[in-house]
Amino acid sequence: MAAARDRYNQLIDGFNQRYEPFVRQHLCKVYMMLGCTSAATATGAFLQMQNLVDLGVIAALSSLLLVLGLHFYRDNGKNYYRRVGMLYSFGFCSGQTLGPLLKYIASIDSSIIVTALVGTIITFVSLSLAALFAERGKFLYLGGVLVSIINTMALLSILNMFFQSLFVQLGQLYIGVLVMAAFVLFDTQNIVEKVRAGSTDVVQHSMDLFFDVLSLFRRLLIILTQKEERKREEECRKRR
């Protein structure tokens, strides 16, 4: 117990020595806002699954408009709370659009949702700590590489609409998980460097990480669901 406490103290001391007080304060705000946005997403998904609130296409269109609004409606020091509301609304609408997928997965095996959620949390926390305790700017080079990979995946998705290749579809899912995991490393260190350069847009930084978490969670859900479906298909064939 004492050894664990000493390691924890060393971890905290190392973090405090590595980052300036204003950086630590900014990161705390970012992660708190990320947690609140995720809670809004969970609320939206729960209400949709229970058929209490179902915005349907309106949620998808609202998500797009809110993202564009947050992108162009920059922080000017007077619109902070309005932008926070827009971010939480985006989180809620994202949950509404995620609800049908979660409802379908729950009809197959509800444990898939828990597994994907736990996997997403562990992955995000582990990679965030790895980025924060790595050398300064070590993962910033990933930005250009990841954008190139995403562009390539988008092109393959368009082509696969005509070829309908299962191999390409599965490859995109697994590569997508790796890409989103790499984005956590990149965005975490990028946020730190932006804060040191004078950018204190908590809302934008929280949205960057929220995109990473949501994309990672969605891909894990699809991968685990497809795996369960293939497993059940094989069991049905054996019974026949």
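Q: How many residues does helix α2 have, and what distance does it reach from its first C-alpha to its last?
A: In this predicted model, helix α2 runs over residues 21-49 and has 29 residues. The distance from its first C-alpha to its last is 42 Å, close to the 42 Å expected at 1.5 Å a residue.

Q: Which residue follows α2 with a positive phi?
A: That residue is N51, with a phi near 60°.

Q: At what angle do α2 and α4 pack?
A: Helix α4 covers residues 80-109, and α2 packs against α4 at an angle of about 45°. The two axes are 6 Å apart.

Q: Is the crossing of α2 and α4 left-handed or right-handed?
A: The crossing of α2 and α4 is right-handed. In the contact of α2 with α4, the residues divide into 14 nonpolar, 10 polar and 1 charged.

Q: Turning to α4 and α8, how do their axes cross?
A: Helix α8 spans residues 202-239, and its axis crosses that of α4 at roughly 5°. The axes of α4 and α8 come within 11 Å. That angle makes α4 roughly parallel to α8.

Q: What do the residues of the contact of α4 with α8 divide into?
A: The contact of α4 with α8 has 18 nonpolar, 6 polar and 6 charged residues.

Q: And α5 with α7, at what angle do they pack?
A: Helix α5 (residues 111-133) packs against helix α7 (residues 166-196) at about 45°, and their axes are 9 Å apart. That makes α5 oblique to α7. The crossing of α5 and α7 is right-handed.

Q: Which residues of α5 and α7 meet?
A: From α5, the residues are F124, L127, S128, A130, A131 and L132. From α7, they are A181, V184, L185, T188, Q189 and V192. The residues of this contact divide into 9 nonpolar, 3 polar and no charged.

Q: Why do residues three or four places apart point the same way?
A: They do so because an α-helix has 3.6 residues a turn.

Q: Changing topic, which residues does the UniProt annotation "transmembrane region" cover?
A: According to the unreviewed UniProt entry, the annotation covers residues 30-49, 55-73, 85-106, 112-132, 139-160 and 166-186.

Q: How far apart are the end C-alpha atoms of residues 85-106?
A: They are 30 Å apart, and the chain over residues 85-106 is 100% helix and 0% strand. For residues 112-132, the end C-alpha atoms lie 30 Å apart, and that span is 100% helix and 0% strand.

Q: How many helices and strands does the protein have?
A: There are 8 helices and 0 strands. Along the sequence, the pattern reads α-α-α-α-α-α-α-α.

Q: What box do the C-alpha atoms fill?
A: Taken along the principal axes, the box is roughly 65 × 45 × 40 Å.

Technical notes
Residues numbered from 1 in each chain as written. Predicted model: local features only at pLDDT ≥ 70, side-chain atom pairs only at ≥ 80, totals over all residues. Heavy atoms only, no water. Axes fitted to C-alpha atoms, helices over the stretch in contact; angles between N-to-C directions. Helix = DSSP H or I, 4+ residues; strand = E, 2+ residues; numbered from the N terminus. Parallel < 35°, antiparallel > 145°, perpendicular 65-115°, else oblique. Left-handed = near helix turned anticlockwise from the far one by under 90°. Contact = heavy atoms within 4.5 Å. Nonpolar A, V, L, I, M, F, W, Y, C, P; charged D, E, K, R; others polar. Expected span 1.5 Å × (residues − 1). UniProt positions renumbered as here; feature names shortened; annotations may be inferred.
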